[in-house]
Amino acid sequence: MEKYQLLFAVLFQLAQLVLVVVFAPLLTGWVNQCQAWLQNRSGAGVLQPYRVLRKLFSKDAVIAHNASPLFRVTPYIVFGCMWLAAAIIPIIAVDLPFSMAADVIALVGVFAVARVFISLAAMDIGTAFGSMGARREMLVSFLAEPALLMVFFTASMISHSTQLPVIVDTLAHHQFVLYPSLAFAALAFLMVLLAENARIPVDNPSTHLELTMIHEAMILEYSARHLALIEWASSLKLFAYITIGIALFLPHGIAEVGNWAGLPLAIVALLLKLVLAGAALAVFEIVSAKLRIFRAPEFLATAFLLAVLGLLIHFLLGA
Amino acid sequence: MPIKHPNLKLTRLTDALPAWTGEIAPADLHEICQQVRDGGGRLVALWGSDARPRGFMLHVVLINETGMVCLNALLSAEQPVYPDLSRIFPAANRMQRAAYDLLGIYAQEGHDHRKWLRHGAWHSGSFPLRKDFDAAASLAHEPEDYPFVQVEGQGVHEVPVGPVHAGIIEPGHFRFSIIGERVLRLEEHLGYVHKGIEKRFESMTVQQGAKLAGRVSGDSTVAYAWAYAMAAESVAKVTPPSRALWMRALLLERERVANHLGDLGYLGNDVALAFGFAQFWILKEQVLRNNATLFGHRYLMDKIVPGGVTASLNVDGKHIIEQECDMLEKQVRILRGIYDEHAGLQDRFIITGTVEPKLAAQLGLCGLAGRASAQAWDARVQFACAPYDKLDVQMATYRNGDVAARAIVRFGELFESLRLQRDILANLVHEDAAPALIEKLPPNGFGIGMVEGWRGEVLVAIHTDAQGNLTRVHPHDPSWQNWPVLEHAVVNDIVPDFPLINKSFNLSYSGQDL
């Protein structure tokens, strides 16, 4: 029985690896579709991101003459980082083989690696927009990163571990307790999620105004398969962030260690949570306007403050 | 008569407008312009024409509160020079440069003689609007070089934007000198859609010209077609039937409503409030569809022709427009409430892209953008031609001159246009007299038409030769005056706010590139 357990776990890990990469664009499509509905538009359907990917993969890539190899490899590195991040987050079961690698600090590092490469690649070509985008991305992310770490620390304090599976297991399966500190952390996490995924109010993923762009300005020079990988990576990143949010703040329903019978329920619970989270994200974006870029630091400072408050409350109340 | 000067004898041009014309020596130009400027007047247009063997003519249209005057100065054929007017009217700078590119008449002592419309498409020695220029000949390209003004200092760098943009908009080049995100200087380089419209007019009949005039700037097709028709009618000394005039006003107000709806949507979109964009564009689409149903064209092209209109409206049509006005009134009020109360949107709009009233007056900011900076000029009010003289137009003005002010003026004008449409419908009589279209213009004529389009005053001037053919037609877009002001509006704002500021002006590239 023991060795079957391990086989099951490996199989399941592989399944998660494949499922996240296949279904991440669906979540993006769902968010976009919800936004279209909220704008009284019929929308392009939840499958639109797949059509875009197919279109991009069937095109020939155009690369600037002065592009260095860095520019070419960056899409693969970014895609790899995001895939890895999305695959190790415990979303259905906590005791998967890769999960032990899912240390929250390492996770922040994985996101940082992708960001460094994409910013370097943006500056590699030497266009004004690429550098402008990279500069703004750095402004946003160097403020978002500490806030994200603070959110993770709050959760780590409760479970005395920085391992995501342990955190999730503690929050989901030990006796049901309301943690006021996590409420603050959740708010901070939402703000970081918006900033890090280039969503409104910090950035606008659907803009065509090159001077206002942050993330989009960095990838203006990419085309075809490279752009497809970056778009796909963006979907994976959004998926990863939303699943981290679910893991930290709504883990209930996830299968316990060794409880393979709990899997079907866990899958249904996850789907439901993803649908709700996507819709909530759409609602939040639809009612917001984009901030003037120099308000972004205030926005992220607020996130940091909330995360620190969460931590303080944990110390004060012990919860 | 708006201007008095001992060397100037004015003759009234048309009954439709308080417009006069008179010939003047180039040497007196400076003094008269200064006099108009001191009296609070503005430069509306400046262009040249080829009147050889007599020489070249420079035409300058000035307006003040009492009317407008077209000054004609004869320049020698050998050395066509005239005194620089850009020190009195800064807006003259680009018009003078364009006049040189196209006709080779030169503003002496000017401080800026860079090419403007020419780019590299033809050589500096050839001038397309001269009569001896062969429009059919293929032109040798010249390598493009345009010396932008450099800003120097530590940390200052340039960001070139366009002419190809990430979205589907008209082409224009913007050269930002920035430090961090702050804009120290913006310099525009336009002329990428120069199509030789003015040259094309020369080989057209008066009715063909109406079609071309309606395509100078597609979003203002009604304003251009009306201004052209008014100019042709003033040459021919014809007054169109009153039903045609009411009809023209109806079309013009519908064009204004459609464009303001579109712009208000765009302003929402540019601050990422896609909800506002979708709602306003649903309304705009409704107006365009009604246009297609009632008049056969979504943007109302070719509905106004010299002598009358080609559109008609029956009782059912009136009913559709009345219903549409009621619907728009209700919907736009709701949307205005949302815009007004949306903190994020107002934060982006307020004090962004400010043009102080004083600066606006100095630079001659006109039209909608001018009214948002306390420049109370509206041709429908000051120079109310029929039928606006019976309509009691209420001008929308605001003082702050920021993006928010330009949005407020748009809302104000939108509601006023809806009211005007209802008034016009009440006055629109049903006799359907066949319009007496103008087929031929009298020889050696000159006429001017000016209409307040949604963007500002649109002017068209027509000259005819000894056979009564069009020899020179000059369509003038208010964007000529307003583009340079945009360069000032963005100074000290930040780069990511430029698209929003630009959109709040929403100037025409095609209209100024000609």
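Predicted model: local features only at pLDDT ≥ 70, side-chain atom pairs only at ≥ 80, totals over all residues.
1. Domain layout. Three domains make up the division of chain B: domain 1 spans 11-108, domain 2 spans 156-189 and domain 3 spans 198-513.

2. Domain 1 against domain 3. In chain B, the C-alpha centres of domain 1 and domain 3 are 25 Å apart. Their contact involves 24 residues from domain 1 of chain B and 27 residues from domain 3 of chain B.

3. Elements on the domain 1 side. On the side of domain 1 of chain B that touches domain 3 of chain B, at least two residues each come from strand S1 (11-14), strand S2 (19-24), strand S3 (42-50), strand S4 (56-64) and helix H2 (92-103) of chain B. S3(B) gives the most to this side, with 6 residues.

4. Residue classes on the domain 1 side. The side of domain 1 of chain B that touches domain 3 of chain B holds 16 nonpolar residues, along with 4 polar and 4 charged ones.

5. Chain B against chain A. Here 27 residues of chain B are in contact with 25 residues of chain A. Four elements of chain B each supply at least two residues of the side that touches chain A: strand S8 (156-161), helix H7 (274-295), helix H9 (343-349) and helix H15 (498-505). H7(B) gives the most to that side, with 5 residues.

6. Residue classes on the chain B side. Where chain B touches chain A, the residues of chain B divide into 17 nonpolar, 5 polar and 5 charged.

Definitions and conventions:
Residues numbered from 1 in each chain as written. Chains lettered and ligands numbered in written order. Domains from an automatic or database assignment. Contact = placed C-beta atoms within 7 Å. Nonpolar A, V, L, I, M, F, W, Y, C, P; charged D, E, K, R; others polar.
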